[in-house]
Amino acid sequence: MEISSMFHSKMALSSPLFSSSSFPTSSRKRPNIHKFKLQSSTSAATKITTDSIPRTEAGEFQNVLTDYVSPNSQFPVSRNDRQSAILQIQESSDLGSALPRLGETLKVQDMNVILRYFGKLSRRQELSQVFDWMQQNQKINVASYSSYVKLMGKSLSSVEALEMYRSIKDRSTKINVSVCNALLSCLVKNGKSESSLKLFTQMKRDGLVPDVVTYSTLLAGCAKVKDGYSKALELVQELMSNGLLMDSVTYGSLLSVCASHKECNEAEKYFQKMKAEGQSPNVYHYSSLLNAYSVDGNYEKAEALIEEMRSAGLVLNKVVYTTLLKVYVKGGLFEKSKELLKELEAFGYARDEMPFCLLMDGLVKSGLLLEAKSVFDEMMGKHVKTDGYSYSIMISAFCRSGLLEDAKKLASEFEEKYEKYDVVILNAMLSAYCRAGDIENVMSMMKKMDDFAISPDWNTFNILIRYFCKEKLYLLAYRTMEDMHRKGHQLEEGLCSSLIYHLGKTDAHSEAFSVYNMLRYSKRTISKSLHEKILHILIAGRLLKDAYVVVKDNAGFIGRPAIKRFAVNFMRSGNVNLINDVMKAMHSSGHRIDQELFDMAISRYVSKPEKKELLLQLLEWMSGQGYVIDSSTKNLILKNSHLFGHQLIAESLSKQLVVSKKKQLPLSQLKDIYGNLI
């Protein structure tokens, strides 16, 4: 864009302060020095050059005149002075002192130059330090935010990115599409695709007008989330409703989503639609469709697609060949897979373990363990670079086949040869040692996770919990499950139910209830039988208050005998202050309360005269619900009426009399129950 047209689009240059004749009108090359004149009645004209205004990212020109043409500015504005200050900061070994000393002489655009300098050198610490200083000193604009997020890449955690975004006070900056796109991309790259979709909704409410880049970014994230395909369709529909057109990047992201969610037919449909719109697919589009064919091993379509690529003059790269290998393996064409693997080696595309791993994994899943081991040995003989994935495949395969000694031997071999670990290989080794009951090496693997700062994943926790349960270390299994829950991993009901049972058997009643609550509040439906199982455990542990909560919330899923057992135990020794609540909870859940429970409840109250208000409330509630007390209970109340107040007792029993008459009891029975009150 020409300098003059950019300034005309950003500022109202009809102001008499500017001389329009000083603007160049036509030149697409970098102009020589063109001077802007600032006329002022109180000061001499200040001159700057267009060379001193760096043209960088979109949005940086918006404040350029106020930043650089200020008649009251005390800062040096010459190009040499600013360049000198920029270089000194870039070369400084102490940014903490250089930034306050030299940064004050610079403007936002200069600071952005420094920001990009450290970013391109991947000096993340200095990049973050400069950005923090810019924020604190309000030397920041739209390009600063978007550049910082992009340059930090995965070094910027999703939490840090969100905190930074929420700290933006200027509304126009906060809904700037460049800033929003950078933040959404950061979340997607950090595996927080669900969060990116939620934030996108909030951004739109705040006023964001998304562009094609926004939708492409979000679509890429849909490949990794549950129901990602349906969410991707919603985004595509919204994109078109906003009058935007899908470009090659958008189509590429959508094809990737289809492949990830096994929507092969849909992937084909979008691929053809893209071509019909006149857009030429590139290698990425072809490889994404090829990946969709790998879902069901459709090698015929895959081979036809390869021929189409060759006809289009596209070069088949490592990704394409590897994806084709994946198709052959999935289709069970192991001989073709081996031939293609040799081609990959000839092209230099099999210097790492991934192609070998694809073939090994397919052979293992088809029950061809010896052939998989042969491929593994061949790979080792060729000294192919490995990150441990090939070891994890074979160790896991040996474990599943019951060949624990072979698994342990391979795990030991890996430990001796490599000092590099990841969660996949550690899980495989951990599983081998757990199955073999090798507690010493199990603990060694856990220590390695700590030493290498490797966070356990869902599989790690499940391996350990099952192992601890097998070894009857139930409290250790419980603490491991607590840690698993704290880290946000989804709990498996079968494993939880088993642990709850064993904790109950070993009198760890409160721990069993804790596991029940973890599962219950993990936002999933659990089996009805689990509520009754935990109720029996709580009754056995005399945790009657917790048992009451279970009954109150889940009475419909618990059998009457279990509820009766709970109620009897509660009336005998539960918190007397909750007796009425228990009665009401049982009644409201549809369980008719029998005379035995009322007798027990009233006996508890009679033994505690200070609870007379609760007794009177119970009698009144019974009358309101149509319950009648028997003669023995009535006699017990009358015998102790002096403790509660004769008048109050008489009134309560009179209400019971009214209820009895409504039930049309025989006069002889009424006299037996209420005596002189009739």
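**Helix packing and salt bridges**

Helix α24 passes helix α25 in a left-handed crossing, meaning the near helix is turned anticlockwise from the far one by less than a right angle. Helices here are DSSP runs (H or I, at least four residues), numbered from the N terminus. The model is predicted: local features need pLDDT of at least 70, side-chain atom pairs count only at pLDDT 80 or more, and totals for chains, interfaces and linings use all residues. Residues are numbered from 1 along each chain as its sequence is written, and side-chain values use heavy atoms, leaving out hydrogens and water.

**The α24–α25 pair**
- α24 (residues 423–435) and α25 (residues 439–451) pack at an angle of about 165°, with axes 9 Å apart; axes are lines fitted to C-alpha atoms over the stretch in contact, and angles run from 0 to 180 degrees between N-to-C directions.
- That makes α24 roughly antiparallel to α25 (an angle over 145 degrees).
- Contact means heavy atoms within 4.5 Å; among the residues that meet are L426 and Y433 in α24, and V442 and M445 in α25.

**Salt bridges**
- The structure holds 26 salt bridges (a side-chain nitrogen of Lys or Arg within 4 Å of a carboxyl oxygen of Asp or Glu).
- K275 and E308 meet in one, at 2.9 Å, N to O.
- K275 lies in α15 and E308 in α17, so the pair ties together parts that are 33 residues apart in sequence.
- E307 bridges to R310, with the closest N and O atoms 3.1 Å apart.
- Both E307 and R310 lie in α17, three residues apart, about one turn of the helix.

Notes:
Helix = DSSP H or I, 4+ residues; strand = E, 2+ residues; numbered from the N terminus. Parallel < 35°, antiparallel > 145°, perpendicular 65-115°, else oblique.
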